Amino acid sequence: MRKASEVEYGFPYGSKLVCYIEYTKDKEIRQIENYVQEKRDVYYRVKNEGSKLYAVWPGQYRSDLFEIDNIELYGKEYIKDLT
């Protein structure tokens, strides 16, 4: 597993091709729907409730799993007040 912060030219947080997965503090796994409000909601759950956020970024020959290790960079894509 890689960290999103390690992507040389920046992680594509806003890409519709990226699949987000939340791992809650209660050990529940949720796939995040591709709706802006759902992506905003998970931002606040990570910040306030201790969830972890992961992303699968598909490539041409394989898909890689990333830990979203800087939730603020993710949030700037979906929360207007953070820009």
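Author: Happy to! A term to start with: a salt bridge is a side-chain nitrogen of Lys or Arg within 4 Å of a carboxyl oxygen of Asp or Glu. Keep in mind that this is a predicted model.

Reader: Thanks! How many salt bridges does the structure hold?

Author: Eight. One of them joins Glu22 and Arg30, whose closest N and O atoms are 3.3 Å apart.

Reader: Is Glu22 buried or exposed?

Author: Glu22 is buried, with a relative accessible area of 0%. Arg30 is partly exposed, at 29%.

Reader: And where is the bridge partner of Glu22?

Author: In β3, where Arg30 is that partner. Strand β2, residues 19-23, pairs with β3 in the antiparallel sense over three bridges.

Reader: Switching topic: what order do the strands of the sheet take?

Author: The order is β1-β5-β4-β2-β3, in an open sheet of five strands with mixed pairing. β1 and β3 each have a single partner strand, so one side of each is left without a neighbour in the sheet.

Reader: Back to salt bridges, what does Asp64 meet?

Author: Its side chain meets that of Arg2, at 3.4 Å from N to O. Asp64 lies in strand β5 and Arg2 in strand β1, so the pair ties together parts 62 residues apart in sequence.

Reader: Which helices do Lys47 and Glu72 lie in?

Author: Those two form a salt bridge at 2.7 Å, N to O. Lys47 lies in helix α1 and Glu72 in helix α2, so this pair ties together parts 25 residues apart in sequence. There is also a network of salt bridges with shared partners, joining Glu22, Glu28, Arg30, Glu38 and Arg45.

Methods:
Residues are numbered from 1 along each chain as its sequence is written. This is a predicted model: local features need pLDDT of at least 70, side-chain atom pairs count only at pLDDT 80 or more; totals for chains, interfaces and linings use all residues. Side-chain values use heavy atoms; hydrogens and water are left out. Two strands pair if DSSP finds at least two bridges between them. Helices (H or I, at least four residues) and strands (E, at least two) are DSSP runs, numbered from the N terminus. Buried means under 20% relative accessible area, exposed over 50%, partly exposed in between (1.4 Å probe, protein chains only).
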